[in-house]
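This briefing is for a reader meeting the structure for the first time. Please look over the sequence and the 3D view before reading on.

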Amino acid sequence: TSSVDKSGMVLIYFVGRGEVDPAGTKSWWYPVDAKSGDYESYVDCDNIQNAIRNMKAKDVFLIADSGYADIFFGSVHKLPSVTDGNYYLRLYDKKSRWAMTSGNDYPDKGKGDGCSTFTGEIINVLKSNELPHLSVQQLFQKLNKTVRKNSFRPPRCRSLKNTDDRGGEFIFVRKDAGEKK
């Protein structure tokens with residue numbers, strides 16, 4: 001058994017293109033040096049899934065500004081009606097492996113500021129957030145409507161199956177969250 005770093009958090013951010021085989025059983029990401037049609041030059045998403053499962057960090061959050069096959073997503077967790085300190089502690093105490101995707105095969109051009117709509121909305125939500133804590137689901141809830149209008153497929157935000165997710169969630173903490181006002 002490997003030890004888990006109880007405080008470790010890893011955020012992975014991928015911008016690029018992905019592909020799913022016609023049967024919907026395999027998917028790949030295209031690195032910068034990938035050759036079209038040469039699957040050996042692609043990154044097999046099974047390898048990404050295995051790497052995430054084997055990370056010692058307690059929480060891993062994968063943000064993909066591309067399509068990431070639905071075959072890797074686990075169950076949907078519902079947001080409770082009350083998101084108090086106990087809610088965040090329960091999420092924080094459990095190991096998590098989550099992903100959020102834009103729903104596009106390629107990042108869109110966004111508003112011309114160099115960011116795709118998806119990336120721009122993530123930045124906007126994080127900058128404008130006034131809550132001391134923000135879960136991945138809350139982040140997604142705030143950006144989903146805008147991102148969905150600009151997506152080929154519906155954007156997704158769920159736990160990743162077969163990665164040892166234990167029901168926790170990556171939590172963003174506002175820098176001044178502990179300061180008294």
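A residue is called buried when its relative accessible area is under 20%, exposed when it is over 50%, and partly exposed in between. Asp164 is partly exposed because its relative accessible area is 27%. The model is predicted, and its chain has a mean pLDDT of 84. The points below cover confidence, strands, a helix, charged pairs and backbone angles.

**Confidence**

- Of the residues in the chain, 88% reach a pLDDT of 70 or more.
- Helix α3, residues 117-128, has the highest mean pLDDT among the elements of the chain, at 94.
- The lowest mean pLDDT among the elements belongs to β2, at 78.
- Where pLDDT is low, the predicted coordinates should not be read in detail.

**The sheet of β2, β3 and β4**

- Three strands make up an open sheet, in the order β2-β3-β4, and their pairing is antiparallel.
- β2 and β4 are the edge strands, each pairing on one side only.
- Two bridges connect β3 with β4 in the antiparallel sense.
- Trp29 has Val43 in β4 as its bridge partner.

**Strand β5 and its partner**

- Strand β5 covers residues 57-65, and nine of its nine residues are buried.
- β5 runs parallel to strand β6, residues 96-101, and six bridges join the two.
- Across this pairing, Met100 in β6 stands opposite Ile63.
- Lys58 is one of the residues found in β5, and its relative accessible area is 4%, so Lys58 counts as buried.
- A polar atom of the Lys58 side chain lies 2.3 Å from the backbone oxygen of Tyr92.
- In a regular strand the side chains alternate between the two faces of the sheet.

**Helix α4**

- Helix α4 takes in residues 136-149, 14 residues in total.
- From first C-alpha to last, α4 reaches 20 Å, close to the 20 Å expected at 1.5 Å a residue.
- At Leu143, α4 bends by about 50 degrees.
- The buried residues of α4 include Leu143 itself, along with Val136, Gln137, Gln138, Leu139, Phe140 and Val147.
- An α-helix has 3.6 residues a turn, so residues three or four places apart point the same way.

**Salt bridges**

- Side chains of opposite charge can pair when their charged atoms come close.
- How many salt bridges does the count come to? The count is six.
- One of them joins Asp44 and Lys26, whose side chains meet with 2.5 Å between N and O.
- Asp44 belongs to strand β4 (residues 43-44), whereas Lys26 sits in the loop between β2 (17-20) and β3 (27-30), so this pair ties together parts that are 18 residues apart in sequence.
- Asp44 is buried, at 17% relative accessible area, while Lys26 is partly exposed, at 24%.
- Lys26 and Asp44 also belong to a network of salt bridges that includes Asp46.
- Another salt bridge links Arg174 with Asp176, again by their side chains, at 2.5 Å from N to O.
- Arg174 is partly exposed at 22% relative accessible area, and Asp176 is partly exposed with a value of 22%.
- Arg166 pairs with Asp164 in a salt bridge in which the closest N and O atoms are 2.8 Å apart.
- Arg166 is exposed, with 53% relative accessibility, whereas Asp164 is partly exposed at 27%.

- Which loop holds Asn162? Asn162 lies in the loop between β8 (156-159) and β9 (171-173).
- Asn162 is not a glycine, although its phi is positive, at about 60 degrees.
- Asn162 counts as exposed, with a relative accessibility of 53%.
- Asp164, the salt-bridge partner of Arg166, also lies in the loop between β8 and β9.
- The phi of Asp164 is near 70 degrees, which is a positive value in a residue other than glycine.

Key. Residues numbered from 1 in each chain as written. Predicted model: local features only at pLDDT ≥ 70, side-chain atom pairs only at ≥ 80, totals over all residues. Heavy atoms only, no water. Helix = DSSP H or I, 4+ residues; strand = E, 2+ residues; numbered from the N terminus. Expected span 1.5 Å × (residues − 1). Bend = angle between axes of the 7 residues up to and from the residue. Buried < 20%, exposed > 50% of the residue type's maximum accessible area, 1.4 Å probe, protein only. Pairing = 2+ DSSP bridges. Salt bridge = Lys/Arg side-chain N within 4 Å of Asp/Glu carboxyl O. Polar contact = N/O pair within 3.5 Å; in protein donor to acceptor, adjacent residues only side chain to side chain. pLDDT = per-residue confidence, 0-100.
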